[in-house]
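The sequence and structure are shown first.

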Amino acid sequence: MASYERRKVTLKSSDGEEFLVEEAVAMESRMIRYMIWDGLAGDVIELPGVKGKFLSMIIDFCKKRVAWAAGGDGTLEGLKSDFVKVDLGTLIHLSAASFCLKTNDLVDLTSQTLANRIQGKTIDEICRALNPEE
Amino acid sequence: MPLSSPPPTGTEELDDPPPSSITQENPSPPSPIQLLPDDTLHHIFSCLPLRETLASRSVCRHFHDSLSSPSFLSLLPPLPLLALRHPRHHHHNYHLPPSLLAFDPSSSRWLRLSLSFIPFPSLSPVTASSSLLYLWADPAPSTSSSDSKPPKSLILCNPLTRSYRILPPLGSAWSRHGTVLAAPAIAGSAVLVLTELAALSYSPGAASWRKFSLNLPSKPRSPVIIGSSIFALCDTGNPWRSQWKLFSCSIDDLGGPRGWVQLERHEWGDVFDILKRPRLVRGAGISRILMIGGLRSSFAVDAPCSTVLILRLDLGTLEWEEVGRMPPEMYRCFAGVGGQRGGAAATANAVGNNKVKVFGGDGRVWFSGKRVRGKMAMWEEEEEMEKCAGVGGSWKWVDGAPGYGEVVYRGFVFDVAANEV
């Protein structure tokens with residue numbers, strides 16, 4: 001199958017990092033998708049609510065997800081569980097970023113992962129569970 | 001991240017506002033979790049039972065404010081609890097903040113919900129209608145000794161939303177001798193106080209209580225509200241032998257011409273005669289009633305009981321079935337050692353002599369007794385009734401609240417939810 005030029009777009013994080021991604025990957029974020037559909041997106045989309053470090057991780061997940069949906073290897077469950085294998089501080093930032101970008105799969109995934117850390121615990125244990133490890 | 005002070009061992013202090021030290025400037029950087037916006041927090045906590053929301057409100061000020069949002073709270077499913085009444089001869093400790101002590105069967109934890117939002121010095125929880133809690137309120141203790149008994153007020157409140165309403169005052173005799181029943185919203189959220197001969201009724205928005213004569217053949221026993229009707233047992237027998245019958249009355253018909261109707265079916269046979277001192281408890285759903293009592297070993301008046309039996313009446317089909325029987329080893333704890341040997345009538349008739357308290361609703365029944373201090377037995381209705389080995393439902397022991405003392409527990413079901421008062 002001959003490859004052809006797919007449209008690409010640049011995503012710019014709050015701390016100035018730029019990521020060139022395929023439009024299909026960027027549109028995993030509903031926020032970006034509606035901007036593109038409404039014709040409000042230029043070549044560079046600024047995302048002041050998301051830092052580069054976390055934007056990079058989310059873009060990485062979206063790339064893998066798009067590849068998997070097109071018949072790639074692995075399972076979606078595997079992709080998701082890999083995404084949340086991070087320390088608590090990162091998980092929280094990823095949760096906030098997913099909300100900002102409206103990547104619904106990741107919103108549900110990060111929320112559920114954080115909820116699992118809280119479930120069944122006493123107040124004291126919740127305090128400890130929500131404090132990032134030193 | 002600043003920590004709230006650890007709760008007393010065993011009982012979880014829920015919903016206390018975080019210590020004031022947390023609201024001051026804190027040199028250490030805030031934990032990332034505190035940077036999450038409200039809607040993210042709400043999304044996380046909407047995946048969790050309500051208990052976790054209540055507990056997390058004590059973690060820090062940010063959580064406390066975010067998780068108190070009315071629109072968020074109204075999304076959460078209710079948390080069914082068993083709330084405790086004060087033990088008899090309870091002495092109010094005016095130095096302790098008023099609170100409601102309750103058991104959460106889903107997490108097997110004792111919880112304490114703050115009632116400090118109600119401006120009365122001493123509060124006595126009495127009953128609930130789903131998520132609305134009713135308490136008797138004493139006026140402040142008078143320093144001068146007087147023999148006049150001040151009027152008491154029933155207070156209706158929701159500890160989750162911290163809203164409350166004070167009902168018109170009643171003579172203190174009603175609070176000493178009356179049974180308070182709270183009707184659900186479909187019955188107009190009425191409140192009733194029943195005594196041997198009369199009933200008081202209050203509807204939201206009314207200026208005062210209305211009084212009705214009960215017109216029952218005898219003192220109503222174990223009245224419960226199911227749907228929009230009251231159900232009660234009455235003794236239609238004689239002083240030598242009780243003959244219990246089941247009566248019902250629509251709340252709207254109280255004091256009216258139609259009044260109480262006796263429920264009876266020929267097929268019921270001697271269903272009332274096999275139980276000693278039966279009690280009624282509301283069943284799961286809106287059309288079931290449970291009748292619980294000591295299972296007589298014979299029809300002799302003073303026959304000892306072999307165990308506790310739970311029968312269920314389906315109000316739609318008007319058919320009884322057995323749904324639970326207390327396991328023998330559990331019953332022995334209530335009856336006292338030697339109860340099975342048919343020895344002294346006092347030990348054999350533990351249930352019959354009212355030494356066992358029975359309370360509950362919505363598919364769970366709890367049992368407490370003088371011989372079973374510091375714990376309760378809990379029966380839970382099961383979806384598929386397997387009639388095997390004559391036990392039925394699931395039975396287990398529940399340890400009492402830590403530090404509560406060796407008292408006999410009395411309680412009522414209460415669902416924590418965000419309904420407005």
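A contact, as the term is used here, means heavy atoms within 4.5 Å. Under that criterion, and leaving aside neighbours within four places in sequence, B:Thr53 is in contact with B:Phe45, B:Leu67, B:Phe72, B:Leu73 and B:Leu76. B:Thr53 is found in helix 2 of chain B, residues 50–56; helices (H or I, at least four residues) and strands (E, at least two) are DSSP runs, numbered from the N terminus. The relative accessibility of B:Thr53 is 0%, so the residue counts as buried. Buried means under 20% relative accessible area, exposed means over 50%, and partly exposed lies in between, with a 1.4 Å probe and protein chains only.

The model is predicted: local features need pLDDT of at least 70, side-chain atom pairs count only at pLDDT 80 or more, and totals for chains, interfaces and linings use all residues. Residues are numbered from 1 along each chain as its sequence is written, chains are lettered from A and ligands numbered from 1 in the order in which they are written, and side-chain values use heavy atoms, with hydrogens and water left out.

**Chain B and confidence**

Chain B has 7 helices and 25 strands. Of its 421 residues, 52% count as buried. Among the contacts in chain B with a separation of 6 or more, 55% come from residues 24 or more positions apart. For the complex, the predictor gives an ipTM of 0.86 and a pTM of 0.82. The pLDDT is the predictor's confidence in each residue, from 0 to 100. Its mean over chain B is 83, and 83% of the residues of chain B reach 70 or more. The pLDDT is below 50 over residues 20–27 of chain B, a stretch that has 7 contacts in the model beyond near neighbours in sequence. Residues 386–390 of chain B also have pLDDT below 50, with 4 contacts beyond near neighbours in sequence.

**Cavities**

On a 1 Å grid over the protein atoms alone, a cavity is a set of points where a 1.4 Å probe fits but cannot get out, and lining residues have an atom within 4 Å of a point. Grid points are joined across faces, edges and corners, and a volume is the space filled by probe spheres set on the points. The structure holds 2 cavities of 30 Å³ or more.

| Cavity | Volume | Lining by class |
|---|---|---|
| Largest cavity | about 80 Å³ | 10 nonpolar, 2 polar and no charged residues |
| Second largest cavity | about 50 Å³ | 2 nonpolar, 2 polar and 3 charged residues |

In these classes Ala, Val, Leu, Ile, Met, Phe, Trp, Tyr, Cys and Pro count as nonpolar, Asp, Glu, Lys and Arg as charged, and the others, Gly among them, as polar.

The lining of the largest cavity includes A:Leu11, A:Ser29, A:Ile58, A:Cys62 and A:Thr103. Helix 1 (23–26) and helix 3 (52–69) of chain A are the elements that give two or more residues to this lining. Helix 3 of chain A gives the most, with 4 residues. The second largest cavity is lined by B:Arg241, B:Ser242, B:Gln243, B:Trp244, B:Phe272, B:Asp273 and B:Arg296.

**Cysteines**

A disulfide is a pair of cysteine sulfur atoms within 2.5 Å. A search of the whole structure finds 0 disulfides over all chains. The sulfur of A:Cys100 is too far for a bond because the closest cysteine sulfur, in A:Cys62, is 13 Å away. A:Cys100 is partly exposed, with a relative accessible area of 30%. B:Cys234 is likewise in no disulfide, and the nearest cysteine sulfur, that of B:Cys249, is 11 Å away. B:Cys234 counts as buried, at 0% relative accessibility.

Key. On a 1 Å grid over the protein atoms alone, a cavity is a set of points where a 1.4 Å probe fits but cannot get out, and a pocket is an open set with protein on both sides within 12 Å along at least five of seven lines; lining residues have an atom within 4 Å of a point.
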